[in-house]
Amino acid sequence: MWNLFVPDAYIGDLMMFDQVALSKQRVIACDIDNTLIAHDVDVADERAKRFLAYLQERGFQVILVSNNRKARVARFAQSVSLPYVAFAKKPLPLVFHQIKKKMHCQMDEIVLIGDQLLTDVLGAKLAHVFVVLCDPAVKRDLVYTKCNRQIEKWICARLAKKQLFHKGEYYGKKNL
Ligand SMILES: [Mg+2]
């Protein structure tokens, strides 16, 4: 059960993504809040734009996936001209079936990038989707995310005890 909270790769910053060892994955599903940008910023900044452009230059198809409400997600997606799934209800696996349909791909061709163990990592693991955990882009969180972070802290402590995952020890990279 604890393995459901262990990401396939773990990076400290989005710019480390180019070092993640992937196999057949071609679709990147990217979380928005605190992965690409702070939850209280409406549109993409230079950092987010650069990262999303970089993914597309590398030949990935990109879709934005967020548990946030449609208006927020649609506005952000519009700022980078990308498809999206809003109110994704991660960690429920349903969203990955929506991605499959929208992007015409298989589960094992999807990579999810996100910042939370409880939503992003757990959801991807339940759907057997490759998941990259990225440290949050900023420290401030939405109210419900703050609760999740408390639970996440507890899970991290358990994972560390079991030698399954250590916060700050990045892995899954080609050069490791
Ligand atoms: Mg997030």
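Leu22 is partly exposed, because its relative accessible area of 23% falls between the limits for buried (under 20%) and exposed (over 50%), as found with a 1.4 Å probe on protein chains only. This is a predicted model, in which local features need pLDDT of at least 70 and side-chain atom pairs count only at pLDDT 80 or more, while totals for chains, interfaces and linings use all residues. Residues are numbered from 1 along each chain as its sequence is written, and side-chain values use heavy atoms, with hydrogens and water left out.

Leu22 lies in the loop between strand 1 (9–11) and strand 2, where helices (H or I, at least four residues) and strands (E, at least two) are DSSP runs numbered from the N terminus. Leaving out residues up to four places away in sequence, Leu22 is in contact (heavy atoms within 4.5 Å) with Phe17, Phe60, Val111 and Phe130. Although Leu22 and Phe130 are 108 residues apart along the chain, their C-alpha atoms are separated by 8.8 Å.

The interior can be described through nonpolar cores, that is, sets of buried Ala, Val, Leu, Ile, Met, Phe, Trp, Tyr and Cys residues joined through side-chain atoms within 4.5 Å. The largest of these has 31 residues, and those with the most contacts inside it include Phe5, Phe96, Leu117 and Val129. Among the elements that give two or more residues to this core are strand 3 (61–65), helix 3 (94–103) and helix 5 (143–161), while helix 4 gives the most, with five residues. A second, separate core of 30 residues includes Ile11, Ile37, Val132 and Cys134.

The magnesium ion is coordinated by Asp31 (OD), Asp33 (O) and Asp115 (OD), at 2.1 to 2.2 Å; donors are N, O and S atoms within 2.8 Å of the metal (3.2 Å for Na, K and Ca), and sites may look incomplete because water is not among the atoms. Asp31, in the loop between strand 2 (27–30) and helix 1 (46–57), and Asp115, in the loop between strand 5 (110–114) and helix 4 (117–126), are 84 residues apart, so this pair links distant parts of the chain. Asp31 counts as buried because its relative accessibility is 5%, and Asp115 counts as buried at 2%.

Which cysteine sulfur is closest to that of Cys134? It belongs to Cys30, and at 8.4 Å it is too far for a bond, a disulfide being a pair of cysteine sulfur atoms within 2.5 Å. A search of the whole structure finds zero disulfides.
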